[in-house]
Amino acid sequence: MAEPKDPLSMRCPESMTAVAASTTSLGTRAPAALTLRVVAECSRSKARACELRLPHGTVATPVFMPVGTQGTMKGVTAAQLDNLGCRICLGNTYHLGMRPGPELIQKASGLHGFMNWKRNLLTDSGGFQMVSLLALSEVTEEGVRFRSPYDGAEILLSPEKSVEIQNALGSDIMMQLDDVVSSTLTGSRVEEAMHRSIRWLDRCILANQRPDQQNLFAIIQGGLDPALRRKCLEEMTKRNVPGFAIGGLSGGESKEQFWKMVTLSTDQLPREKPRYLMGVGYATDLVVCVALGCDMFDCVFPTRTARFGSALVPTGNLQLKKKQFAKDFRPIDEACTCPTCQRHTRAFLHVLLHSNNTAALHHVTVHNIAYQLQLMNAIRTSIVEHRFPEFVQNFIKTMSFCHPLKARHGGGWIWIWICLSHPHLLCKKTALHDYTYIIDIRLLTFSLDGG
Amino acid sequence: MTKLIPIGCTRRQGYRAIVLRPGAQELENNFTMKLSLSRVVQGCRLGTLSNLGKKGDRCMEFPGCLLYTRTGSAPHLTHDTLQVISGVPAMTQLTLSSLAEHYEILEEYKEGIGKFIGMPESVFYCSLHDPVNPCPAGFVTNKSVSVWGVGGRLEMTVAKFMAIQQALQPDWLQCLSDGEALCADASSSKRAKKSVDRTLAFLDECLKLQEQSEVLRSCVMIGVIEGGDILEERLRSARETAKRPVVGFLLDGFHGDAMTKETRLRLISSVTAELPENKPRLICGIGQPDEVLECIEAGVDLFESFFPYQATERGCALTFSFDYEPNPEDMVLQQNGQKEGEENGEHIDKIITTKCVPETSFEINLKEKMYRDDFGPLVGGCSCYCCKNHSRAYVHHLLVTNELLAGVLLMMHNFQHYFGFFHAIREALRKDRLGQLKELIYRQAC
C-alpha cells in the first residue's frame, strides 16, 4: 500500500494539520479558507472521520452533499434542508451561469444570498454538464465551445470563465474546469484530456480572485488507466490546492475498475487534504469508498429518485407507487427520524403519489436526503468509535439479505473479496449472506499488482 | 337524560346542561357545535363556532375560510412548510372526489382520514367536489351522484356515499346533492325543481342511514341548498333543508358564470334570510376577494381557500391590500414592494401562462421579466416565510427554470396572505370599518 508518509502527521487521532494556505496569483499567502482536522482513522481500512472547516461553518466528514442544481434543493426549502442537518450542498455552475447568470447572482450577494442558504456551497465547473447535456460541444485547448440551448448564442467556457462565474457565485468550494471524457473511452484522447486538465488546473488557480474565501479543488483525471492516473496525481499534488476530487468515474465502467481507480487515487493523495469523489451516491458505493479513503460525495440520485416515488431504505429502496404499499401503514423506515417518517405512512404516500399534489415528492425527497445524511452519520460514528469494519459487515448483511439476487450479481465486488482471500469458498454452494461473516475488510485496500 | 356540554372554546368557561331527547333532536345537538354571533353589520355576521371536532374542543371564527387540500394534503406543502404559515384555519376542507376511490384503504385503516393524512389535530369538512376541477355534468340520477378521481368516475348511491363517509370519518360532511341545475345551456325551472327534490331526498336517506351507525353519528351533516337561479326553488330548498337536523348549510351552484352577479347576490340574500341564525352558512366556488365580501354581506359565513392555490398555479403572488388603515410606515413598505409598471397597470413582457384561469387584479405574475432583478419581497411588510427569506427575483428564477420550490414558496405566501385577508374582514367588522375595507378591495378589483 503506497501511502505518502508525512512525518508530521502520523496516524494518531486528533492530529491537527492545517492545510497550507492557498496562494494568490502573486504568490503571497492568504489566510486559509479551509482546514481539515482528522478526528479518527480506521486501523483496518483507509476510512477516516474528519472535521472540515469552511467559510460557512464546519462540516463533519465523511459527508454526502445533496445536489441543488439550479439554486434550490428541488421542493425542499433552505430551512428544511438545514433542519435535516445538511451543512454543505451543491449548486451547478453551468445551469446557474445560464439562468439567471453570474451578474444577477452577484447582485443578490452570491448564491448564498440568492437562495438564502447560510451553510456551505460547492459548485462544480460546468464542464461535465456541457459535455453530457449538450449535443454540440467542442473541446479545445481554450476551453469548451458550445451553443446556448436558450438563445443559440455561441459560448466558450474556459478555465478562466468558469472560475469567474464561480467567483461570482461565491461558493465555499469550487471545482477546476477539467477536460472530462467518458470512463469507457480508451486511447490517446484519455491521455490528452488528463494533461489538459493539469494545464487547466494551473489556469484556474491563477484565475481565482478570492482564494481567501473560495477553495479551488483539483480534479484527478486519467480514465481507467492506472499509469495515467498516477501521472495526474503526481502532477496535481504538486500544486498547492486545498483539496482534491477524483473525477472521470461513475460513468459506464465496471465496479471492479471503478474502485481500483478510487483506491489508487487515495493512495497518492495527501492525508491532510479532503478527498471528494464526484458523482457517487448509492449507499453501497458510499460505504465502500469511505473504506477506500474518500471524504466527500455528491450525487443527484437520492433527490432524483425521490421524485419518482422511490424511497431509500437500508435494504434498498421502496417503489411507493406500487400496489403493495397501498395498505402498508408503516412509515418508510421505522428507525428513520425524518419528518416524513415521523408523521406519515407508506399507504398515505402511495395515495398522494398517485395524485398531482407535489407535496408527495417533497415528502420522499426530505426522507431520501435524511437517509443519506443519517447513513453518513452512522458511518462516521462507527469510524470514531473504532468499529467501522463491524458497521460494514452489518451493512452488507442488511442489504444483501433482503436482495439475495442483487448481491449475487450487482454486488460484484463482494465476489472479488472472496476471490482474493478465500478462493476455496467459491466452490461451495452456501447462501451469499454467510460470506459476510468472513469478509476481511482489509481486502478493500488491496494493491493493484497481483489483484 | 341530561348531558353536560362545555360553553365556549375551553372547558374553563363552564358547562351548561341540556336535556337530550331521542331521535332527531339528539342528532341535531350532536356534540353541540355552538354558534355565537357577536355582531351583525350591514348583513355581515361576525362570530365564533365552538365545540368543533370529535372532542368538541376546537373553535373557528367567522367570516372565515377553510384550508384547501388536494388528496388530503395542502397543495405543495408538507407539515413543516404548512405549520410555518400563520393564520391556518382550524377547519380543513377535504374533497370526496380525491378520496372516495381510496375508501377501501381507509376502511382497513379504521382510524379516519385525519390521522391517515397526518393531520390528527385538524377538524375536517368533506365536500363532494373540488372547486378547482369542474366535473363533467350529466351524471346525477335519482339514485346516485358521481365524482371523478384519478381512476375515473366513481358512482355513489346513498348507501355507498355513507359507507365511504364511515371510512373517512370527517367532522362535517356535505350531504349528497344534485348541483347541476344550471349545467344545461338554458336554465329551466323543471331542472331546478329536480335538483331541490333530489337533494332533499338524498338528505333524508342519508340521515336515516346515519342513525344506524355509531361512527356516522359523530360526523355531522351539512345540508345543501340547490335550486339553480329560480327564486321559488331556492326558497323551498332553504326552508325544507332547515327543517332537517343539519349542523349547517352549503349554498351550492352560485359559482361560475351561470348567473349575473346581481342575481347571485339577490338569491343568496334570499336564501340566508330563510336559514336559522344559529347555524353556519358555507358557499363553494367563491374565492375572489371582492366576491367574498359581497357574499359575506349577503349572509355567508365560510368560504373555501382554493383561490390562493389557483394564483400559485398561475405563477402569481397575491398582492392585494386589505390594510384599510395603513400607518405611514407601512405605506412606504408597500410602495417599495411595487414597481412603477404595476401602478399604471402595464404588463411588460408578459409570458403567457398555460393555465386557463385568467390572472386577476389581486396578484402579480412573477414570471414577468420585470421581476428578474427585483430583490424586494413578494409583498412589502408581509411576514410569511417566502417574503422574509426570499426575493421576487428568486421566485422569478424558480418559475423560469420550472423548479418545484416555486410552488412551495408561492403557496406559503398566498395562503398566508389570504388568511390575513379574512382576519382583516373580522377586524373590520369588529371595529366598524367594513366600509373602508370594502372600498379598498373594490378599488383593486377590475
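P62(A) is found in the loop that lies between strand 4 (57-61) and strand 5 (63-66) of chain A. In this predicted model, the peptide bond that joins T61(A) and P62(A) is cis, with omega of about 5°. A cis peptide bond also joins R99(A) and P100(A), and its omega is about 5°. P100(A) has its place in the loop between helix 2 (93-98) and helix 3 (102-107) of chain A. S109(A) is not a glycine, yet its phi is positive, at about 70°.

Two sets of positions in chain A carry annotations from UniProt. An unreviewed UniProt entry places the feature "active site" at D124(A) and D298(A). These residues are spread over 175 residues of sequence but cluster in space, the largest C-alpha distance being 10.6 Å. D124(A) is part of strand 7 (residues 120-124) of chain A. The annotation "binding site", again from an unreviewed UniProt entry, covers C336(A), C338(A), C341(A) and H367(A). This set spans 32 residues of sequence and likewise clusters in space, with a largest C-alpha distance of 8.2 Å. Of the annotated positions, C336(A) is found in the loop between strand 17 (316-319) and helix 12 (339-343) of chain A.

Helix 13 (residues 346-353) and helix 14 (residues 359-384) of chain A have axes that come within 8 Å and cross at roughly 135°. The two helices of chain A, helix 13 and helix 14, are therefore oblique to each other. In this arrangement helix 13 of chain A passes helix 14 of chain A in a left-handed crossing. The contact is made by F348(A), L349(A), L352(A) and L353(A) in helix 13 of chain A, which meet A359(A), A360(A), L361(A) and H363(A) in helix 14 of chain A. By class, the residues of this contact between helix 13 and helix 14 of chain A are 7 nonpolar, 1 polar and no charged.

Chain A also holds an open sheet of 3 strands, in the order 8-9-10, with antiparallel pairing. Its edge strands are strand 8 (137-139) and strand 10 (154-157) of chain A, each of which pairs on one side only. From one strand to the next, the twist averages 20°. Strand 9 (residues 144-147) of chain A runs antiparallel to strand 10 of chain A, and 4 bridges join the two. Within this pairing, R147(A) has E154(A), in strand 10 of chain A, as its bridge partner.

In chain B, an open sheet of 3 strands has the order 3-4-5, and its pairing is antiparallel. Strand 3 (34-41) and strand 5 (58-62) of chain B are the edge strands, each pairing on one side only. The twist in this sheet averages 10° from one strand to the next. Strand 4 (residues 44-52) of chain B pairs with strand 5 of chain B in the antiparallel sense over 4 bridges. The bridge partner of G47(B) in strand 5 of chain B is F62(B). Helix 17 (residues 404-430) of chain B packs on the sheet and touches strand 3, strand 4 and strand 5 of chain B. The direction of helix 17 of chain B makes about 115° with that of strand 4 of chain B.

Helix 17 of chain B also packs with helix 11 (residues 289-297) of chain B, at an angle of about 35° and with the axes 12 Å apart. Helix 11 of chain B passes helix 17 of chain B in a right-handed crossing. On the side of helix 11 of chain B, P289(B), V292(B), L293(B) and I296(B) meet Y418(B), F421(B), F422(B) and I425(B) in helix 17 of chain B. The residues of this contact between helix 11 and helix 17 of chain B divide into 8 nonpolar, no polar and no charged.

A hairpin is formed in chain B by strand 10 and strand 11, with 2 residues between them. Strand 10 (residues 144-149) and strand 11 (residues 152-157) of chain B pair in the antiparallel sense over 6 bridges. G149(B) has G152(B), in strand 11 of chain B, as its bridge partner.

Terms used. Residues are numbered from 1 along each chain as its sequence is written. Chains are lettered from A and ligands numbered from 1 in the order in which they are written. This is a predicted model: local features need pLDDT of at least 70, side-chain atom pairs count only at pLDDT 80 or more; totals for chains, interfaces and linings use all residues. Side-chain values use heavy atoms; hydrogens and water are left out. Axes are lines fitted to C-alpha atoms, for helices over the stretch in contact, and angles run from 0 to 180 degrees between N-to-C directions. Angles under 35 degrees count as roughly parallel, over 145 as roughly antiparallel, 65 to 115 as roughly perpendicular and the rest as oblique. A crossing is left-handed if the near helix is turned anticlockwise from the far one by less than a right angle, and right-handed if clockwise. Contact means heavy atoms within 4.5 Å. Ala, Val, Leu, Ile, Met, Phe, Trp, Tyr, Cys and Pro count as nonpolar, Asp, Glu, Lys and Arg as charged, and the others, Gly among them, as polar. Two strands pair if DSSP finds at least two bridges between them. UniProt positions are given in the numbering used here, feature names are shortened, and annotations may be inferred rather than shown by experiment.
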